[in-house]
Amino acid sequence: MRRPAYTNDISKKSSLGHALRCITKWLLILLLTLLVGLCAYFGARGYSLYSQAAQEKSVADMAQDIRANPGYIELGMLPQTYLDAVVSVEDHRFYLHPGFDIFATARALFNDLRAGAIVEGGSTITQQLAKNEFFTQEQVIERKIAEVFMAFDIERQLSKEDILELYVNSIYFGDGYYGIAEACTGYLGKNPQDMLDWESVLLAGVPNAPSAYAPTQNFDLACQRQRQVLARMVKYNALTDEEANAIIAQTPTSLPA
């Protein structure tokens with residue numbers, strides 16, 4: 001007996017659907033295999049870069065080198081407003097993560113993909129210390145991976161207080177100033193422990209882009225950055241809205257002579 005035409009059509013559609021499902025499954029397997037391979041490739045290159053850096057200089061040597069710098073200042077001598085500002089704007093989960101913050105990294109990746117450019121880094125304070133002291137500033141995947149391995153090393157060997165202290169004593173503030181002591185003396189003509197609240201918040205925002213936010217280059221832009229830092233401090237409960245507004249009111253319209 002002859003099979004009805006619609007039965008043949010159903011059979012053809014079923015065969016086509018099965019073929020498409022098979023193709024999709026194998027494409028997914030291929031993509032997953034490729035992804036795993038890329039992760040293994042860059043992971044191995046990153047670990048190799050980290051191993052080489054760790055052999056050339058230990059975490060203890062890195063800390064000793066920074067502490068030997070003239071003007072090195074201990075954490076207890078710095079205004080709490082300055083420390084709260086640095087943590088709020090650079091790494092608000094600093095005291096919670098082990099050197100790498102998966103949430104910050106995922107957020108940064110999402111924002112970068114949405115913008116179609118690198119608009120957010122996602123690096124922790126520990127990662128930034130690792131990058132600045134052990135690696136180049138080159139934006140490549142293997143360097144980022146090496147930076148994470150080194151950050152774990154730093155966190156295992158140093159306390160959070162030591163890490164933050166080394167960080168603020170070594171970061172670049174523009175105009176040739178490295179570390180908060182040099183920046184404070186150079187920009188404000190005073191010692192870091194004497195900073196006012198507006199000065200503390202202003203300098204906390206500079207290292208994000210020293211060439212742009214250096215107070216001597218563009219004080220108005222530095223003050224815009226200061227307001228961004230204050231917004232982060234309010235968001236993460238380091239300041240109230242009233243305290244932030246009071247700091248804005250304290251800020252002069254130009255850098256004092």
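Is Asp-175 buried, partly exposed or exposed, and what is its relative accessible area? In this predicted model, local features need pLDDT of at least 70 and side-chain atom pairs count only at pLDDT 80 or more, while totals for chains, interfaces and linings use all residues. Residues are numbered from 1 along each chain as its sequence is written, and side-chain values use heavy atoms, with hydrogens and water left out.

Asp-175 is partly exposed, with a relative accessible area of 37% (buried means under 20%, exposed over 50%, and partly exposed in between, with a 1.4 Å probe and protein chains only). This residue has a positive phi of about 55° although it is not a glycine, and is placed in the loop between helix H7 (160–168) and helix H8 (179–188). Helices are DSSP runs of H or I with at least four residues, numbered from the N terminus. A positive phi, of about 65°, is also found at Asn-237, likewise not a glycine. Asn-237 belongs to the loop between helix H11 (219–235) and H12 and is exposed, at 70% relative accessible area.

A search of the whole structure finds 8 salt bridges, defined by a side-chain nitrogen of Lys or Arg within 4 Å of a carboxyl oxygen of Asp or Glu. One of them joins Arg-45 and Glu-142 (2.9 Å, N to O). Arg-45 lies in helix H1 and Glu-142 in helix H6, so the pair ties together parts that are 97 residues apart in sequence. Arg-45 is partly exposed at 40% relative accessibility, whereas Glu-142 is buried at 16%. Within helix H6, Arg-143 and Glu-147 are 4 residues apart, about one turn of the helix; their closest N and O atoms are 2.3 Å apart in a salt bridge, and both residues are buried. Arg-143, Lys-144 and Glu-147 are linked in a network of salt bridges. Lys-160 pairs with Glu-155 at 2.9 Å between the closest N and O atoms, and both of these residues are buried.

On the surface, Asp-197, Asp-241, Glu-242 and Glu-243 gather in a patch of negative charge. Patches comprise residues with over 30% relative accessible area and no salt bridge, with like charges joined within 9 Å and nonpolar side chains (Val, Leu, Ile, Met, Phe, Trp, Tyr) within 5 Å. Helix H12 (residues 241–250) gives the most to the negative patch, with 3 residues. Glu-242, in helix H12, counts as exposed at 59% relative accessibility. A nonpolar surface patch is formed by Leu-20, Ile-23, Leu-27 and Leu-30, with about 400 Å² of accessible area together (Shrake-Rupley method, 1.4 Å probe).

Terms used: Lys, Arg positive; Asp, Glu negative; His and termini not counted. Charge placed at Lys NZ, Arg CZ, Asp CG, Glu CD. Helix = DSSP H or I, 4+ residues; strand = E, 2+ residues; numbered from the N terminus.
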